[in-house]
Amino acid sequence: MAESRRYISQAELESHKKPEDLWISIQGKIYDVTEWSHDHPGGAPPLLNLAGQDATDAFVAYHPGLAWQYLDKFFTGYYLEDYSVSEVSKDYRKLAAEFSKMGLFEKKGHVTCITLCFIALLFCISVYGVLCCDSAWVHLCSGGLMGFLWIQSGWIGHDSGHYQVMSTRKFNRFTQILTGNCLAGISIAWWKWNHNAHHIACNSLDFDPDLQHMPFFAVSSKFFHSLTSYFYERKMNFDSATRFLVSYQHWTYYPVMCFARINLFAQSLILLLSKRKVPNRGQEILGVLVFWTWYPLLVSCLPNWTERLMFVVASFAVTGIQHVQFCLNHFSSSVYLGPPSGNDWFEKQTEGSLNILCSSWMDWFHGGLQFQIEHHLFPRLPRCHLRKVSPLVKELCKKHSLQYNCASFWMANVMTIGTLRSAALQARDLTSPVPKNLVWEAVNTHG
């Protein structure tokens, strides 16, 4: 006689959402992933953010079919009572299965090979311009080319963090360290830790690190209540200094983006030097040290400090384009407070993302981020297929009366500045006082 199933309620499942007691539901089966969270390749934040609830859609999005066979070792023997699947989720899973049958997740094209060759060419031209030319203009252009190299290496790092871009895991790992740590000075471990949390909690003000840029930027007035970042595990204080900076954020946005790379350098070093568990920490540190050896050495080869400064500023400013691109996809989109919900995965990913309209010949410039909605729904899908599947995703959104937001590159910038300006004007509202300083009083005194 077949053994009867044991069920637990949704309320009981929700009681298991602590780091020391972490359960999730996948297709109605309950799994205890408490110990696994310490070794999870995507880091602990994705599991913690979806703890105590159904995570089927997120699991489908992030894992290949082979991953399902490993779930049994975490099965508790319990099933979720009254488990049901929304029509949106049913269609989403069908579409994911269809892409899998078509082999789209395995067909990666030649984008990575072409980009790596382009990166090598840019590096050689930039180094040649510094070492073999005396013109200050050539040195300035060489700095710009270095920034453009960092943009292209960023696309490779982004892709390789989501799926295997090379033929083997070891070769994929080598490519990650080369393009991220060695060439750009950005720890791939930091990027994966940060970026996976962003994908799971897309546009959650207190769970998505990609919206937490205080004291420089606040995309919503909700930040004025000094929210707690559950990613950084600290309070984001909205004090007088922060209010002053946020009040003019629509003016400082582009200048700050020109030097946003500095923040990535700092975040990488903070993680690598912290007590937090970092996979392959030695490789990560060695790769970053390679960058901080060759880049300062190359800059020192320039004839004077003026040209050295020009080179560094040019390289930072050009790569700032990529930081602007990151912001365009989410800053002006819908935001919310609290942890992500597994029951509205499709809805939250589409509402919190903005596609950038562009011709196919400009795909190389955007690195796949122009199809942000498709990328968030199917993060393992190689970027060479994003344009192909876009009509199918748009059709699914239309079927369920969901937003499919898209705008031109220019309009996306206008929308982003508009969002920042709106929050800036609210920050200037003196009817909601915070402790002021003399600078704030001097700037905002009228009459």
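Trainee: What is the mean pLDDT of the protein?
Mentor: This is a predicted model, in which local features need pLDDT of at least 70 and side-chain atom pairs count only at pLDDT 80 or more, while totals for chains, interfaces and linings use all residues. Residues are numbered from 1 along each chain as its sequence is written, and side-chain values use heavy atoms, with hydrogens and water left out. The pLDDT is the predictor's confidence in each residue, from 0 to 100. Here 95% of the residues reach 70 or more, and the mean is 91.

Trainee: What is the strand order in the open sheet of five strands?
Mentor: Strands here are DSSP runs of E with at least two residues, helices are runs of H or I with at least four, and both are numbered from the N terminus. Two strands pair if DSSP finds at least two bridges between them. β1 (6–8) and β2 stand at the edges with a single partner strand each, so one side of each has no neighbour in the sheet. The pairing is mixed, and the order is β1-β5-β4-β3-β2.

Trainee: Which residue of β5 stands opposite Tyr-7?
Mentor: β1 and β5 (residues 75–80) pair in the parallel sense over three bridges. On β5's pairing with β4, two bridges join antiparallel strands, and Lys-29 has Tyr-79 as its bridge partner. The residue opposite Tyr-7 is likewise Tyr-79.

Trainee: Is β3 largely enclosed or left open, and how many of its residues are buried?
Mentor: β3 (residues 21–26) pairs antiparallel with β4 (residues 29–32) over four bridges, and two bridges join β3 to β2 (residues 17–18), also antiparallel. Buried means under 20% relative accessible area, exposed over 50% and partly exposed in between, with a 1.4 Å probe and protein chains only. β3 is largely enclosed by the rest of the structure because, of its six residues, the number buried is five.

Trainee: Which residue takes a positive phi in the hairpin of β3 and β4?
Mentor: Across these strands, Trp-23 has Asp-32 as its bridge partner, and Ile-26 stands opposite Lys-29. Two residues lie between the strands of the hairpin, and the one with a phi near 50° is Gln-27.

Trainee: Which element gives the most to the lining of the second largest pocket?
Mentor: On a 1 Å grid over the protein atoms alone, a pocket is an open set of points with protein on both sides within 12 Å along at least five of seven lines, unlike a cavity, where a 1.4 Å probe fits but cannot get out; lining residues have an atom within 4 Å of a point. This pocket has 43 lining residues, with Trp-190, His-213, Asn-263, Leu-264 and His-323 nearest its centre. Elements giving two or more residues include α7 (169–184) and α13 (305–328). The most, six residues, come from α8.

Trainee: How much space lies in the second largest pocket?
Mentor: Grid points are joined across faces, edges and corners, and a volume is the space filled by probe spheres set on the points. By that definition, the space in this pocket is about 1,000 Å³.
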